[in-house]
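Reader: Hi! Could you walk me through this model, sheets and all?
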Amino acid sequence: MKAAVETADLTKDFTVGFWRPRPFRALDRLTLDVPAGEVFGLLGPNGAGKTTTLKLLMQLVYPSSGSARLLGRPVGDIDARRRIGYLPENPYFYDYLTADELLGYFARLFGHRGPGCAKRVGDALDQVGIGSERRLQLRKFSKGMLQRVGLAQALLNDPELVVLDEPMSGLDPIGRHEVRALILRLRDEGRTVLFSSHILSDAETLCRRVAILAGGRLVAGGRLSDLTELRIRGWEVVVGDVDEAAVRRFETVATRIDAIAERRFTLELPLGHPPERVLGDLLALGGHLLSVQPLRETLEDYFVEHVRAATGSRFAGRDRPAVNADSSTSGRKVG
Amino acid sequence: MGTIGLIAVNAFRESVRDKVLYNLVFFATLLIVASYLVGQLTAGQEAKIIKDLGLAAASLFGLLIAVFIGIGLVSKEVERRSVYSVLTKPMSRTQFLLGKYAGLALTLVVNLTVMTIAIYGVLAWMEWSSPANIKAAWEAPALDPALLKAILLIAMELLLVVAVALLFSTFSSPLLAASLTLGLYIVGHFNADLRNLEAVVDAPVLAAVAKGVYYALPNLAPFDVKAQVVHAQPVTLTYVTLTSLYAVGYIGALLALASVIFGRRDFK
């Protein structure tokens, strides 16, 4: 499938420190393909390099090495930008303008004029649920409302590729639900959506593929289904007609035992302990098997495992690699 | 309208909606009108005082607008991150910068026009209300069109100062950019001393360095013809044209440098 976004060994070093300047690698040899027409999640803890990656793609920062292409054109290509929408993280706009005026200005920058321009602006604001507030100056907007305006301006040019940096940030639960629906609608219309997030449930709901960054490095990625659904981390057994005392015998084996009703229990068994043996014992004690199902790894499990492994820290994202640090996982390709 | 024009109109709108601008224009106009009262206290010098104060007010408040609004146009955008959503639209960074410059230039020209109308308005009132024997003592007629030469050169100087402000604001914080611009403005008015340093000190190397700095820094003293105009001394059109061309050349160089710096900048 054609890639909407391609990066090859994309690397960004910043200089930090005023008195003793030293290099700081914000992104380390990222190689990534985002297939056209899919929703792709760029995941990672705070400070993982997600925003740096998106800024590199939008040429708000320049790479130290490596390259990237959007819609088959080099990053920064002005014609390609006509086909791309971008929502920055915590967007801020000219607060002396109304939402209508801001979007009108941006629409004209995309080359739209006249009644068609006004309709486009109106439609974009309608899509994100901005009503009569569109005639208020943006200085009067809340964070969530600004986020909606940010989304509207990202959709203004009917983009083929939509790049969203933390699109759910600042939104209330209804707003989040609406944005999720919006992203799925964009996908259904055949557009590519690349978004960054550290909220894994959003990625699980929306993405076909994800890439996980930690400490500026790509630590894992691929199809969400491949990453999680095939990996079983244990078993959930539900039994009935059994005494609590009998069930408590399995406390040394089970990772969790919950009473869900009178004489009915759920036991969570680790992968290394076959459920057949426990079941045999329970049935011998007069219990009845109600259900057995595998416990599949969630994206969160996968995320925590890989981020911790990559950073060697419980507080993933704070331990950052210096330039030239050895990176065994960087350079692998995801897409 | 092209991309630069759209950005310019938006920058103009930004300035127009800035309360600072209204305060500056209000005080400038107030000062010009007040010059009428001061003129009344000086027998036979009324028109001269009004011209002196009027041109000085236009120059000073124009400078304040150029520096304080000019600095904000780019550095405030970077600081507040509004630049992220704009620069990712189909435009080059140079177009963005030129649009911003054109927008502030338009703001300055409009404000200078307002101040000019105020000066000529006060002078017209003076002309109409003064008896013939008092008018006979004036060095130049009240509604002397030569004032426009001084105002044109004030405009060119301010456009140059805006270009300086824009250059500094592409790589420094608003406060630092304002300080640097004001510093360069002051140096620009006194840097003729650098050229003449060899006559004062016996250090050829230092004198050569000083001369190099003199040629590199903008020379703003030639833009000040207020005294000549007020005292009815001739200011030739050739002088006005050459000085304006110097400003245009310098502005071009400053914008090119600003464009190079801004074009390479990372927005972290």
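Author: Happy to. A term to begin with: two strands pair if DSSP finds at least two bridges between them, and helices (H or I, at least four residues) and strands (E, at least two) are DSSP runs, numbered from the N terminus. This is a predicted model, where local features need pLDDT of at least 70, side-chain atom pairs count only at pLDDT 80 or more, and totals for chains, interfaces and linings use all residues. Residues are numbered from 1 along each chain as its sequence is written, while chains are lettered from A and ligands numbered from 1 in the order in which they are written.

Reader: Great. How many bridges join β11(A) to β13(A)?
Author: Seven, and the two strands run antiparallel. One bridge has A:Glu236 with A:Glu268 of β13(A) as its partner.

Reader: What is the strand order in that sheet?
Author: The order is β12-β13-β11-β14 in chain A, an open sheet of four strands with antiparallel pairing. β12 (256-261) and β14 (288-296) of chain A are at the edges with a single partner strand each, so one side of each has no neighbour in the sheet. On average, neighbouring strands are turned by 20° against each other, direction ignored; axes here are lines fitted to C-alpha atoms, for helices over the stretch in contact, and angles run from 0 to 180 degrees between N-to-C directions.

Reader: Which helix packs on this sheet?
Author: Helix α10 (residues 275-284) of chain A, which touches β11 (232-240), β13 and β14 of chain A. Its direction makes about 10° with that of β11(A). Contact is meant in the sense that the C-beta atoms of two residues, placed from the backbone, lie within 7 Å.

Reader: Which residues of β13(A) are on the covered face?
Author: A:Phe265, A:Leu267 and A:Leu269 are on the covered face, with A:Arg264, A:Thr266, A:Glu268 and A:Pro270 on the uncovered one.

Reader: Nice. What about the six-stranded sheet?
Author: That open sheet of chain A has the order β6-β7-β8-β3-β9-β10, with mixed pairing. β6 (84-87) and β10 (217-223) of chain A are the edge strands, each pairing on one side only. Neighbouring strands are turned by 15° against each other on average, direction ignored. Strands β3 (residues 39-43) and β8 (residues 192-197) of chain A run parallel and are joined by five bridges, one of them between A:Leu43 and A:Ser197. Helix α6 (residues 173-188) of chain A packs on the sheet, touching β3, β7 (161-165) and β8 of chain A, with its direction at about 150° to that of β8(A).

Reader: Switching topic: how many residues does each chain give to the contact?
Author: Chain B gives 19 residues and chain A gives 22 residues. On the side of chain B that touches chain A, α1 (3-16) and α4 (82-87) of chain B are the elements that give two or more residues.

Note on methods: A residue is buried if 20 or more other C-beta atoms lie within 10 Å of its own, exposed if 12 or fewer, and partly exposed in between; C-beta atoms are placed from the backbone.
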